[in-house]
Amino acid sequence: MSAKSANDFDNILSASERWMQAWQAQDRPALEKLLAPDFALVVSTAPHYHFDRQNWIELAVGSYRCTRFAYEHVQFHRLSADIVAMSAIADQDAALGKEDRSGRFFVTDLWKRTGTKWQICARYSAPPADFDRTVTVMIGPEREAT
């Protein structure tokens, strides 16, 4: 991996952590800086719908409360000089109104560079499936997740 890619990946992970901290703090100005104008969230339970930037910010500073958030197994894939995909397990304690939204989710984020900053332009989220033993055939038993 080049030094530029490593630096970009560090900057994106840092921006993603700031995004989740801004959600926890219900910090609208920080959310507005981090989310690209064309931001969209798509969740696997409603793939026919997307939450746009304004919808998500309104939820994040309103009834969608997060008290803990952590990333695990973060991976990056550069799509172009200014677009990077990040995938991870997102582990959170959260509630949407009275509905518990705590748990683990597999997320894929698309980040784009705007000037010198990175902004999130899309997140795709789904509950992770149990480990599929047939994947061992593809990746080998020594790489199986623990």
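What percentage of the 146 residues of the protein count as buried?

## Overall architecture

Of the 146 residues, 35% count as buried, a value that, like every other in this report, was computed from a predicted model. The protein has four helices and seven strands, and along the sequence these elements follow the pattern α-α-β-β-α-β-β-β-β-β-α.

Among the contacts with a separation of 6 or more, 52% are accounted for by residues 24 or more positions apart. The accessible surface of the protein comes to about 8,700 Å², and 55% of that surface belongs to carbon and sulfur atoms.

## The nonpolar core

The largest nonpolar core has 31 residues, and those with the most contacts inside it are Trp 19, Trp 23, Leu 35, Trp 56, Tyr 71 and Trp 111. At least two residues of this core are supplied by each of helix 1 (3-25), helix 2 (28-34), strand 1 (35-43), helix 3 (53-60), strand 3 (64-80), strand 4 (83-96), strand 6 (103-114) and strand 7 (117-126). Helix 1 gives the most to the core, with seven residues.

Leaving aside residues up to four places away in sequence, Trp 56 touches Trp 19, Trp 23, Leu 31, Leu 35, Phe 39 and Leu 41. The structure holds ten aromatic pairs, and one aromatic cluster is formed by Trp 19, Trp 23, Phe 39, Trp 56, Tyr 64, Phe 69, Tyr 71 and Trp 111.

Asp 8 counts as buried because its relative accessible area is 3%, under the 20% cut-off, whereas Arg 78, with a relative accessible area of 25%, is partly exposed.

Asp 38 forms a salt bridge with Lys 112, in which the closest N and O atoms are 3.1 Å apart, and this pair too links distant parts of the chain, with Asp 38 in strand 1 and Lys 112 in strand 6, 74 residues apart. Asp 38 is partly exposed, with a relative accessible area of 45%, and Lys 112 also counts as partly exposed, at 22% relative accessibility.

## A buried pair and a network

The side chains of Asp 109 and Arg 123 meet in a salt bridge at 2.7 Å, N to O, which joins strand 6, where Asp 109 lies, to strand 7, where Arg 123 lies, across 14 residues of sequence. Both Asp 109 and Arg 123 are buried. Elsewhere, Arg 68, Glu 72, Asp 91, Asp 93 and Arg 104 are linked in a network of salt bridges.

Technical notes. Residues numbered from 1 in each chain as written. Predicted model: local features only at pLDDT ≥ 70, side-chain atom pairs only at ≥ 80, totals over all residues. Heavy atoms only, no water. Core = buried A, V, L, I, M, F, W, Y, C linked by side-chain atoms within 4.5 Å. Buried < 20%, exposed > 50% of the residue type's maximum accessible area, 1.4 Å probe, protein only. Contact = heavy atoms within 4.5 Å. Areas by Shrake-Rupley, 256 points an atom, 1.4 Å probe, with all protein chains shown as cover. Phe/Tyr/Trp six-rings, centres within 6.5 Å; stacked < 30°, edge-to-face > 60°. Salt bridge = Lys/Arg side-chain N within 4 Å of Asp/Glu carboxyl O.
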